[in-house]
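Student: I'm new to this one and would like to learn how to read it. Could you walk me through it, feature by feature?

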Amino acid sequence: MQKLLEGKFGRFILPGIILQSVLIGGGFATGREIVEFGAAFGSMGWIAGIAIFLGFTIASILTFEFARKFKTYNYRHFLKELIGPLWFLFDIVYIFLAILIISIMASATGEILQNTLNLNYWIGVGLIILIVGGLNFYGKGLIERFKTFGTLSLMLGYLLFAILVISTTWDEAVATLQAGDTSFAGNDIAIGTVIWTGLLYVGYNLAVYPATLFSIERQTSRKESVVAGLVAGILMTVPWFLTYFSLLGHYPDSDVFDASVPWLVMLDGFPVIVVILFGVVVGWTLVETSSGMIHAFVDRVDTQLQEVSNKALSQVQKGIIAVGALVLALVLAQVGIIDLIATGYTAMAYAMIAVFMLPLLTIGVYKIFIKK
């Protein structure tokens, strides 16, 4: 395994796999994310997908090369090198995004349990809050084991769900493309609007990049950064296209496109075991993502405190911070998953573009390619 990680796999493929695994929960777990950021445009949605691929690829190449050149293999060193004393702005946006994602995950769990097991919505919301709190109480080791199984199961699960849906609705998807149908979003859609929507999807998912910086340490040349960035762009976009084509076969059915969790509606009619499997896989991932976000949040506060005062957070203090974030997420969950994704993710996309992507495209490009 060590030989594999130190070889071409570790240099070219591993960074993309890590990015995709972190992207899963907030990026395409429910299917609602893809409706809001591309699929609603029907036959023009693929243009958003191309913009997403280009956005992720460019962001990956620049992030990898910046980290390699300046040897900034953790997010704080990276941001201090990129935006200097303003590095803390990324943390502020990240904290709000973390709470937003947890609230979306909690809301989605409530929807899934309500639709699959007929449990009260708030039982599902409360359940994920309790599980996430428990995982963070027992620490990093349990979270890592939880994430390892969850990421693999979700990748395989979504591949299965996409194959099942696409194989039964492919003719309808092709007919939508051939007819040029964009009726769900309107019949006069500007290409620029579609492209910008795709870039906003990239924007709110920029928060995943710090998670892969440690793996860039293996890269030794600009060529490796470029190849790894291209691979990452592909890996991060494939799940989007799988979900997009699954949705396209149902376009413009309001039962699917107005649903809080479109995957649940698309899988209706398949054997019950498939729906149960979806609930287990997605539920696992929602907990995985939320736990990871909370743990990263608490860890950042702890690291900052140690740098400033040379004191670490106590377990009680960590618990208070985690509970506070979970309570805020619980309050936000009352807004509902559709509004949270449509409004919340869009706002966070603009914020992430401002504190990460724009500096990377300006200061980052200057330092990588121009500054001696």
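Student: Is the crossing in which helix 6 passes helix 15 left-handed or right-handed?

Tutor: Before that, some ground rules. This is a predicted model, where local features need pLDDT of at least 70 and side-chain atom pairs count only at pLDDT 80 or more, while totals for chains, interfaces and linings use all residues. Residues are numbered from 1 along each chain as its sequence is written, and side-chain values use heavy atoms, leaving out hydrogens and water. Helices are DSSP runs (H or I, at least four residues), numbered from the N terminus. A crossing is left-handed if the near helix is turned anticlockwise from the far one by less than a right angle, and right-handed if clockwise. Here, helix 6 passes helix 15 in a left-handed crossing.

Student: At what angle do helix 6 and helix 15 pack?

Tutor: Axes are lines fitted to C-alpha atoms, for helices over the stretch in contact, and angles run from 0 to 180 degrees between N-to-C directions. Helix 6 (residues 88-116) packs against helix 15 at about 160 degrees, and their axes are 10 Å apart. We sort angles like this: under 35 degrees is roughly parallel, over 145 roughly antiparallel, 65 to 115 roughly perpendicular, and the rest oblique. That makes helix 6 roughly antiparallel to helix 15.

Student: And how do helix 4 and helix 15 cross?

Tutor: Their axes come within 10 Å and cross at roughly 50 degrees, so helix 4 and helix 15 are oblique to each other. The crossing of this pair, helix 4 and helix 15, is left-handed. Now try helix 4 with helix 9: the axes come within 8 Å, crossing at roughly 45 degrees. Helix 4 and helix 9 are therefore oblique too, but their crossing is right-handed.

Student: What about rings? How many aromatic pairs does the structure hold?

Tutor: Rings of Phe, Tyr and Trp (its six-membered ring) pair if their centres lie within 6.5 Å; planes under 30 degrees apart count as stacked, over 60 as edge-to-face and the rest as tilted. The structure holds 24 such pairs. One of them joins Phe-37 and Tyr-201, and it is tilted, with 6.2 Å from centre to centre and 55 degrees between the planes. Phe-37 sits in the loop between helix 3 (32-36) and helix 4 (45-70), and Tyr-201 in helix 9 (residues 191-204), so the pair ties together parts that are 164 residues apart in sequence.

Student: Are Phe-37 and Tyr-201 buried or exposed?

Tutor: Buried means under 20% relative accessible area, exposed over 50%, and partly exposed in between (1.4 Å probe, protein chains only). Both Phe-37 and Tyr-201 are buried.

Student: Why does the pair of Phe-78 and Phe-356 count as stacked?

Tutor: Because the ring centres of Phe-78 and Phe-356 are 6.0 Å apart and the planes are at 20 degrees, the pair is stacked. Phe-78 belongs to helix 5 (residues 75-83) and Phe-356 to helix 15 (residues 337-370), so to speak distant parts of the chain, 278 residues apart. Phe-78 has a relative accessible area of 2%, so it is buried; Phe-356, also with 2%, is buried.

Student: Which residues do ring pairs link into a cluster?

Tutor: Phe-66, Phe-70, Tyr-75, Phe-78, Phe-90, Tyr-209 and Phe-356. Of these, Tyr-209 lies in the loop between helix 9 and helix 10, and at 1% relative accessibility Tyr-209 counts as buried. Tyr-209 and Ala-59 are 150 residues apart in sequence, yet 8.7 Å apart in space, C-alpha to C-alpha.

Student: Where is the kink in helix 10?

Tutor: The bend at a residue is the angle between axes fitted to the seven residues ending there and the seven starting there. In helix 10, a kink of about 30 degrees lies at Thr-237, shortly before Pro-239.

Student: What is the peptide bond from Tyr-251 to Pro-252 like?

Tutor: That bond is cis, with omega near -5 degrees. Pro-252 is in the loop between helix 10 and helix 11 (254-257).

Student: And what is the phi of Lys-71?

Tutor: Positive, about 55 degrees, although Lys-71 is not a glycine. Lys-71 is in the loop between helix 4 and helix 5, and its 60% relative accessibility counts as exposed.

Methods
Helix = DSSP H or I, 4+ residues; strand = E, 2+ residues; numbered from the N terminus.
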